[in-house]
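This note sets out several points for a student reading a protein model for the first time. Please keep the structure in view while going through them.

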Amino acid sequence: MKIGILISGRGSNMMAIVDAVNSGEIPDSEVAVVVSDKADAAGLDKARERGVETVVIERKGRTREAHDAEIIAELQKRGVELVCLAGYMRLLSKDFIRAFENRIVNIHPSLLPAFPGLDAQKQAIEHGVKLSGCTVHFVDEKLDAGPIILQKAVEVRDDDTTETLSARILEQEHAAYVEAVKILAEGQACTLPPVVFCL
Ligand code: GRF
């Protein structure tokens with residue numbers, strides 16, 4: 001399975017996936033490209049250090065559609081079959097979602113449908129929940145709302161700050177994303193195409 005990973009920043013989830021592909025934990029797969037919409041994303045060097053090709057495609061005042069069209073072309077020309085959003089901070093256009101229908105997955109740092117959108121860990125602390133976690137899900141046209149592949153829960157402690165909770169969730173994110181991509185690579189969650197969900 002050829003994987004394309006989209007990042008905007010640190011790239012720790014991207015690294016977890018690349019490392020699991022390279023070690024064979026995610027079988028029969030290759031990370032064909034890491035795309036960033038930010039030239040200064042720290043994850044770019046981390047991808048290159050791991051021998052993965054990187055491409056920077058900045059938005060530069062263009063429409064979302066024009067920006068996405070360039071990203072779609074880069075992914076398609078490498079034969080990408082699964083797109084992993086890993087801290088990619090832009091919403092995808094309808095065209096993007098249609099071009100890779102049921103082949104785009106995202107990780108979100110909460111137990112969806114709780115706390116979609118930005119600052120999910122801060123939202124969890126402010127709401128006073130006792131459990132939070134992370135969710136790997138398919139991406140559809142609604143924000144953080146597509147079918148869930150898997151979730152991992154963590155405890156929220158009384159003395160947690162956004163930072164300490166984020167760190168505890170992030171550890172689980174790396175495990176969850178690897179596990180979810182492995183499920184897809186092994187064809188347990190869907191057949192592509194057409195997609196049949198059979199978790
Ligand atoms: C993660 O918390 C992820 O859930 C969210 O953005 C953060 C990205 O972190 N979507 P990283 O760039 O993968 O380190």
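1. A polar contact is a pair of N or O atoms within 3.5 Å. The model under discussion is a predicted one.

2. A backbone N or O atom of Ile 107 is placed 3.2 Å from a nitrogen atom of the ligand. Glu 173 uses its side chain instead: an N or O atom there is 2.6 Å from an oxygen atom of the ligand.

3. Which residues surround the ligand? They are Arg 10, Gly 11, Ser 12, Asn 13, Gly 87, Ile 107, His 108, Pro 109 and Glu 173.

4. The protein chain is divided into domain 1, residues 1–100, and domain 2, residues 106–199. The contact between them takes 23 residues from domain 1 and 18 residues from domain 2. Between the C-alpha centres of the two domains the distance is 19 Å.

5. The size of an interface is often given as the accessible area lost when the parts come together. Here, domain 1 and domain 2 bury about 1600 Å² between them, and carbon and sulfur atoms account for 74% of it. On the side of domain 1, the residues that lose the most area to domain 2 are Asn 13, Leu 85 and Ile 97, which together make up 29% of what that side buries. Asn 13 is also one of the residues around the ligand.

6. How many salt bridges cross the interface of domain 1 and domain 2? The rule finds zero. Three residue pairs are, however, in polar contact between the two domains.

7. On the side of domain 1 that touches domain 2, at least two residues come from each of α1 (12–23), β4 (82–85) and α4 (94–99). Helix α1 gives the most, with five residues. By type, the residues of this side comprise 15 nonpolar, three polar and five charged.

8. Side chains of opposite charge can pair when their charged atoms come close. In the whole structure, a search finds 14 salt bridges. One of them joins Asp 19 to Arg 50, with the closest N and O atoms 2.8 Å apart. Asp 19 belongs to helix α1 and Arg 50 to the loop between α2 (43–49) and β3 (54–56), so this pair ties together parts that are 31 residues apart in sequence.

Definitions and conventions
Residues numbered from 1 in each chain as written. Predicted model: local features only at pLDDT ≥ 70, side-chain atom pairs only at ≥ 80, totals over all residues. Heavy atoms only, no water. Domains from an automatic or database assignment. Contact = heavy atoms within 4.5 Å. Buried area = accessible area lost by both parts, 1.4 Å probe. Salt bridge = Lys/Arg side-chain N within 4 Å of Asp/Glu carboxyl O. Polar contact = N/O pair within 3.5 Å; in protein donor to acceptor, adjacent residues only side chain to side chain. Helix = DSSP H or I, 4+ residues; strand = E, 2+ residues; numbered from the N terminus. Nonpolar A, V, L, I, M, F, W, Y, C, P; charged D, E, K, R; others polar. Near = heavy atom within 4 Å.
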